[in-house]
Amino acid sequence: MSTSPSPRPSRPRSGCQRRTTAHERTRCCHRSWAVPLYQPDLEALKAAATRIVVAVGEESVEVYTGRTAIALAEQLGQQATVFPSHHGGFMGGKFGYAGQPEAFAAKLREVLNQP
């Protein structure tokens with residue numbers, strides 16, 4: 001009896017590789033191969049008692065994470081809320097991925113104050 005873990009299932013050959021840049025393929029398709037397979041429960045999300053805000057960074061709109069956020073928002077019957085900067089727009093420069101934390105905070109306050 002083997003105690004080694006079962007092998008990872010083969011990665012499906014979706015259109016992911018055709019629609020992304022080389023950089024995205026490295027980050028998304030090779031490291032996060034299961035992400036394109038995830039299907040959110042849209043009916044449960046639509047029925048949620050809380051408000052759901054799908055957001056995307058203005059610099060991330062065209063990359064994989066941005067496109068998936070926009071698609072989810074559309075499936076929920078809304079538009080994605082665009083935040084300043086990128087995926088880490090809330091961070092200052094001390095981590096090497098400087099965003100726009102002040103502008104991000106202002107947009108977050110605006111969104112949280114909406115009904």
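Me: What span should the twelve residues of helix 4 have, and how far apart are its end C-alpha atoms?

Reply: The expected span of a helix is 1.5 Å times one less than its number of residues. For helix 4 (residues 64-75) this gives 16 Å, and the end C-alpha atoms are 16 Å apart, which agrees. Please note that this is a predicted model, in which local features need pLDDT of at least 70 and side-chain atom pairs count only at pLDDT 80 or more, while totals for chains, interfaces and linings use all residues. Residues are numbered from 1 along each chain as its sequence is written, and side-chain values use heavy atoms, with hydrogens and water left out.

Me: How many helices and strands are there in the protein, and which pattern do they follow?

Reply: Helices (H or I, at least four residues) and strands (E, at least two) are DSSP runs, numbered from the N terminus. The protein has five helices and two strands, in the order α-α-α-β-α-β-α along the sequence. After helix 4 comes G77, with a positive phi near 80°.

Me: Which residues of helix 4 are buried?

Reply: Buried means under 20% relative accessible area, exposed over 50%, and partly exposed in between (1.4 Å probe, protein chains only). In helix 4 the buried residues are Y64, G66, A69 and A73. Across the 115 residues of the protein, 23% count as buried.

Me: Which residues make up the largest nonpolar core?

Reply: A nonpolar core is a set of buried Ala, Val, Leu, Ile, Met, Phe, Trp, Tyr and Cys residues joined through side-chain atoms within 4.5 Å. The largest one consists of five residues: V54, V56, A69, A73 and L76. Contact, in turn, means heavy atoms within 4.5 Å. Leaving aside neighbours within four places in sequence, L76 is in contact with L42, L45, K46, I52 and V54.

Me: Where is T81, and is it buried or exposed?

Reply: T81 belongs to strand 2 (residues 81-83). Its relative accessible area is 18%, so T81 is buried. Not counting residues up to four places away in sequence, T81 touches V53, V54, A55, V56, K107 and V111.

Me: How many aromatic pairs does the count come to?

Reply: Rings of Phe, Tyr and Trp (its six-membered ring) pair if their centres lie within 6.5 Å; planes under 30 degrees apart count as stacked, over 60 as edge-to-face and the rest as tilted. By this rule there is one aromatic pair. F83 and F104 form it, 4.8 Å centre to centre with 40° between the planes, and the pair is tilted. Because F83 lies in strand 2 and F104 in helix 5 (residues 101-112), the pair ties together parts that are 21 residues apart in sequence. Both F83 and F104 are buried.

Me: How many salt bridges does a search of the whole structure find?

Reply: Side chains of opposite charge can pair when their charged atoms come close. A salt bridge is a side-chain nitrogen of Lys or Arg within 4 Å of a carboxyl oxygen of Asp or Glu. The search finds two. In one, the side chains of E43 and K46 meet at 3.9 Å, N to O. E43 and K46 are three residues apart in helix 3 (residues 42-47), and are therefore separated by about one helical turn. E43 counts as exposed at 56% relative accessibility, whereas K46 is partly exposed at 46%. In the other, K107 pairs with E110, the closest N and O atoms being 3.3 Å apart. K107 and E110 both lie in helix 5, three residues apart, about one turn of the helix.
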